[in-house]
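Please keep the sequence and the coordinates at hand while reading.

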Amino acid sequence: MHVLNLGILAHVDAGKTSLTERLLHSAGVIDELGGVDAGNTRTDTLELERRRGITIKSAVVSFALGDATVNLIDTPGHPDFIAEVERVLGVLDGAVLVVSAVEGVQPQTRVLMRTLRRLRIPTLVFVNKIDRRGACPDRVLRAVRERLTPAVVPMGTAHGLGTRAARFVPAPPGPDALDALADLDDSLLTAYVEDRVSPDDVRAALADGTRRALAHPVYCGSAHTGAGVDALITGIRDLLPPADGDPGGPLSGTVFKVERGPAGEKIAYARLFSGTLRVRDRVPFGPPAGEDGSRAEARVTAVSVFDGGTDTRADEVRAGRIARLWGLADVRIGDALGAPPTTHGHLFAPPTLETVVDPADGTDRRALHRALTRLAEQDPLIGLRHDEVRQETHVSLYGEVQKEVIEATLAEESGLRATFRETTPLCVERPLGEGEAAAFNQKDGNPFLATVGLRVAPAPPGSGVRFGLEVELGSMPYAFFKAVEDTVRETLGQGLYGWRVPDCVVTMTHSGYSPRQSHAHQGFDKSMSSTGYDFRGLTPLVLMEALRRAGTRVHEPVHRFRLETPADTLAALLPALAGLRAVPATTTTRGTVCELEGTVPAAHVHALEQRLPGLTRGEAELETAFDHYAPAPPGAVPRRPRTDLNPLNRKEYLLNLTRRTGALTSDKPG
C-alpha cells in the first residue's frame, strides 16, 4: 500500500472544506456530509472555525483510495493565515487547487499557484460551484490559462450550469490540450506529427506531465452536489505521485504543526521523508544548539498515524507517512527530525504589521503573556516582543482578521479577555554607511573584562546579517567569539530607531580577554577572569555605537497591488489612491474594465480595502502582497519603543544590566 499526502488549497470561500467533506463522504469515511455554514465539518474542529465558517488551522484526515492511503490536508484560504499554508506545502506529494466557477481566479489563487509551480508540486485544478447561479467554467478556464498556468488540460465538459442538475462529463483531452502535452513529451510529439496518437499515449503523457508539475489537469464540479467529484478522485488516483522515501534509510522528517493535548502536552505533526521512527526512540531535532553543533534530543513516548478517517496509535511510523508524536516537549514548528530534509526557506512574505495586546479589565497580564506565547509556538511567523519596562506585549500580524481570531482564541481557549491597539506597520532599518567602535579591556571605564571592536557596513536587501573576523580565531577561546556573534545578531533586532536591522555586514576588528585566574586553594576567580558574560554585556554597547556612527534610515513595508475596477470609477478612485500614497505604475483598459498595477504602503492597505467598495460600487477586485521595503517618507521618523536594556544610553544600560543580573559588582575592574 502506498501513501499520498494531498493538500487542498484555495482562496477563501472557494469551497475547500466542502470539497474535503465530499471526498471523505465518497470514500466512505463519513456517513453524513458536514457543512461549513452548519459548523459541523470534519476538519474545522476549532469552535472559532465553526462559528466564523473559515479554516484557520490546517487539519489532517485520511481515507483509502484503492490500494493507497491518502492523507488529506485542509488548509486556510484567508491570506491572514498564509503561514499555516506555508508549513503544509513542504510535506505535500500533490495538491488540488480549488477555484470558484462563479468568482473565478482570485488574489490568493494566484499566490498559491505561483508557489505550487515554484516548488514543482503536482497539482490538479478543481473548478467548484458549477451548480451556482453565475457559474461559467469556460471563463474560469481562460483565466486559469492567462493568470495561473498555460499548461492546463481540461478533463471534460460541464453541463446544466447554475442548476442542481449541473454535471461534469469526463472526456479525453482535446486538440488544444494535445498541443500542450506534445510540447512536454517528445514521444507524444513524434506520434502526434505522424498522426498515430493512441489513447494510451495521451494518458501516459498526461500522467508524466502532471507528476513533473508541468501539466495541470482541470476538473469541474460541485462539492455541494457531488458532481465531478468521482472524476477528480480518479485523477488523484491515476495522476498524482505516491510518497517516496526509504524506510530503511537515515531518519529525516519535518514538523509542520504543533498542538496542545488535553493535559497541555505538546503533540507534533511530522512528515517522514526517510527512515522509520519508533516509540521510545531518541530523536535529535531543531537547529544546532551547542558550540559543538549538537542538537536537542528527546524520547518519543507515543505515535499515532492517520488511517481510515482517524488517527490510530502505532508502534512506528515509516517514510512517506504523516504522524502525531508525543514526548518532544521543546519541539517547534519547522524543526527537522533527524537529518534535516531539503528546505525552500520562507515561501511567503513575513508579517508586515504589528499591534500591542493589552489585558482587559480583570485579566492578569502575566497569564495573557503566557497564553500569547503558547499561540506563538503554533505559528513561528507570528512574533512576540515583550517590553518589560512598559509591561507590553507586541504581536506581529498579516492582517486585521488575524487580530480578531487571536482575540477570540484567547477568550475561548484560555478564558482571557484582551484588547488590541491600532495596527502599525513593521519597519526595518538599513545602515547608511560604515561605522566602527571599540572598547578595550580595563581601559576608559570599561566595566567588562573584554575587548571588542566592531565595524558595521551596509549589505544588499535580502542578504541577511553576515558576521566576519579581522582578528585571529585563535586569539581567544572560541566560546567568546560565539558569544559576540550571537549577541550581535540578537542586538540587531532593534536599531537606532527600535526597528530590526535585517541586512548588514558586521566585522570584529579587535578582541581580547583576561585569562583564567585563580587564588591558591580557592579556585576560579570571576573578578579577574573573562567570562562569556563580559562579551555578551559589552557587545551591545560597541555595536550600537558603531551603528550610530554608520547611521541608519528607516524603511517601511510596501505592497504591490493589482486592482480591477469599472473604467468609469477611475475619476473618483485615483485621488483616493493618491491620498493613501498608492502609486499606479501601469493602467490597462479592456472594454469597460480597467486594471491598475502599482505599489501602496502596507500601512494603508487596510484603509484601501475599506474604501474601495464605496468608490467602485462594490465591483472592484483588489490583490495585494508584500513586495519590498522603501525609505520612509520625509518628516517624523517612525520609532518603535525599545524592549531591551537600551545600549544607546551607556549609563542607563549599565544600570539596567546591574538590576537584571546583579553581575556588575564593585570588585570588577573599572
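## Aromatic rings and charges over them

Phe 256, Tyr 269 and Phe 306 are linked into a cluster by ring pairs, where rings of Phe, Tyr and Trp (its six-membered ring) pair if their centres lie within 6.5 Å. By this rule the count comes to seven aromatic pairs. This is a predicted model, in which local features need pLDDT of at least 70 and side-chain atom pairs count only at pLDDT 80 or more, while totals for chains, interfaces and linings use all residues. Residues are numbered from 1 along each chain as its sequence is written, and side-chain values use heavy atoms, with hydrogens and water left out.

Tyr 269 also has the charged end of Lys 257 over its ring, 4.9 Å from the ring centre; a charge sits over a ring if NZ of Lys or CZ of Arg is within 6 Å of the ring centre and within 35 degrees of the ring normal. The charged end of Arg 313 is likewise placed over the ring of Trp 326, at 4.3 Å from its centre.

Strand β10 (residues 252-260) is mostly covered, with seven of its nine residues buried, where buried means under 20% relative accessible area, exposed over 50% and partly exposed in between (1.4 Å probe, protein chains only). Strands and helices are DSSP runs (E, at least two residues, for strands; H or I, at least four, for helices), numbered from the N terminus.

Two strands pair if DSSP finds at least two bridges between them, and β10 is joined to the antiparallel strand β11 (residues 266-274) by eight bridges, with Ile 267 in β11 as the bridge partner of Glu 259. The two strands form a hairpin with five residues between them, and Gly 264 in the turn has a positive phi of about 85°. β10 also pairs with strand β19 (residues 336-338) in the antiparallel sense, over three bridges, and there Gly 253 has Leu 337 as its bridge partner.

## Salt bridges

A search of the whole structure finds 32 salt bridges, each defined as a side-chain nitrogen of Lys or Arg within 4 Å of a carboxyl oxygen of Asp or Glu. One of them joins Glu 595 to Arg 562, with the closest N and O atoms 3.3 Å apart. Glu 595 lies in strand β34 (residues 593-601) and Arg 562 in strand β32 (residues 552-566), so the pair ties together parts that are 33 residues apart in sequence. Both Glu 595 and Arg 562 are buried. Through shared partners, salt bridges join Arg 147, Arg 562, Glu 564, Arg 590, Glu 595 and Glu 621 into one network.

Arg 147 is partly exposed at 24% relative accessibility, and Glu 621 is partly exposed at 23%.

## The chain as a whole

The chain has 16 helices and 35 strands, and buried residues make up 54% of its 670 residues. Among contacts (heavy atoms within 4.5 Å) between residues at least 6 apart in sequence, 72% join residues at least 24 apart. The accessible surface comes to about 29900 Å², of which 49% belongs to carbon and sulfur atoms, as computed by the Shrake-Rupley method with a 1.4 Å probe.

Definitions and conventions. Rings of Phe, Tyr and Trp (its six-membered ring) pair if their centres lie within 6.5 Å; planes under 30 degrees apart count as stacked, over 60 as edge-to-face and the rest as tilted.
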